[in-house]
Amino acid sequence: MQSTAPSAYADHSIRNFSSLQQQFIRERKLLKGVSPATLDWYKYSFLAFERSLPCECLDPSCLRRSVTEALVKLSARSLARSSVNDYIRAINALLRWAME
């Protein structure tokens, strides 16, 4: 079912990646009823991208490029592949939500 709500990118109150994350987590908590453990998992996973994503980068093409660069950096570190895959799942959930 296609959502009729405007995308998070069109929401003018969301000005940076941090506010995008906060809105996503708030909606997951209030509208989807996800568990506190899942909310913590999202927050922890987003920390992996925090240093790599420019705060003002909300344009979809800029965000895609920045996420790709962040994933390359994460993969270059000595992280387990399962950890990187967890981070990818979390950021994909955020980006899908933002594009709704």
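Which residues does Ser 52 touch, not counting residues up to four places away in sequence? Ser 52 touches Ala 70 and Lys 73, where contact means heavy atoms within 4.5 Å.

The structure is a predicted model, in which local features need pLDDT of at least 70, side-chain atom pairs count only at pLDDT 80 or more, and totals for chains, interfaces and linings use all residues. Residues are numbered from 1 along each chain as its sequence is written, and side-chain values use heavy atoms, with hydrogens and water left out.

The protein chain has four helices and zero strands. Its elements run α-α-α-α from the N terminus on. Helices (H or I, at least four residues) and strands (E, at least two) are DSSP runs, numbered from the N terminus. Of the 100 residues in the protein chain, 37% are buried. Buried means under 20% relative accessible area, exposed over 50%, and partly exposed in between (1.4 Å probe, protein chains only). The accessible surface of the chain comes to about 6,700 Å². Carbon and sulfur atoms hold 52% of that surface. Areas come from the Shrake-Rupley method with a 1.4 Å probe; for residues, only the protein chains shown count as cover. Among contacts between residues at least 6 apart in sequence, 67% join residues at least 24 apart.

Ser 52 lies in the loop between helix 2 (36-50) and helix 3 (60-76). Ser 52 is buried, with a relative accessible area of 19%. Ser 52 and Ser 66 are 14 residues apart in sequence, and their C-alpha atoms are 6.9 Å apart in space.

The axes of helix 1 (residues 17-32) and helix 4 (residues 81-99) come within 10 Å and cross at roughly 90 degrees. Helix 1 is therefore roughly perpendicular to helix 4. Axes are lines fitted to C-alpha atoms, for helices over the stretch in contact, and angles run from 0 to 180 degrees between N-to-C directions. Angles under 35 degrees count as roughly parallel, over 145 as roughly antiparallel, 65 to 115 as roughly perpendicular and the rest as oblique. On the helix 1 side, the contact includes Phe 17, Leu 20 and Phe 24. Helix 4 brings Ile 91, Ala 93, Leu 94, Trp 97 and Ala 98. The residues of this contact divide into eight nonpolar, two polar and two charged. Ala, Val, Leu, Ile, Met, Phe, Trp, Tyr, Cys and Pro count as nonpolar, Asp, Glu, Lys and Arg as charged, and the others, Gly among them, as polar.

The axes of helix 3 and helix 4 come within 11 Å and cross at roughly 170 degrees. Helix 3 is therefore roughly antiparallel to helix 4. Leu 63, Val 67, Leu 71, Leu 74 and Ser 75 in helix 3 meet Val 84, Tyr 87, Ile 88, Ile 91 and Leu 95 in helix 4. This contact has nine nonpolar, one polar and no charged residues.

The largest nonpolar core has 24 residues. Such a core is a set of buried Ala, Val, Leu, Ile, Met, Phe, Trp, Tyr and Cys residues joined through side-chain atoms within 4.5 Å. Phe 24, Phe 46, Phe 49, Val 67, Ile 91 and Leu 94 touch the most other members. Helix 1, helix 2, helix 3 and helix 4 each give two or more residues to this core. Its largest share, nine residues, comes from helix 4.

Asp 86 is in helix 4. Asp 86 is partly exposed, with a relative accessible area of 28%. Leaving aside residues up to four places away in sequence, Asp 86 touches Trp 41 and Ser 45.
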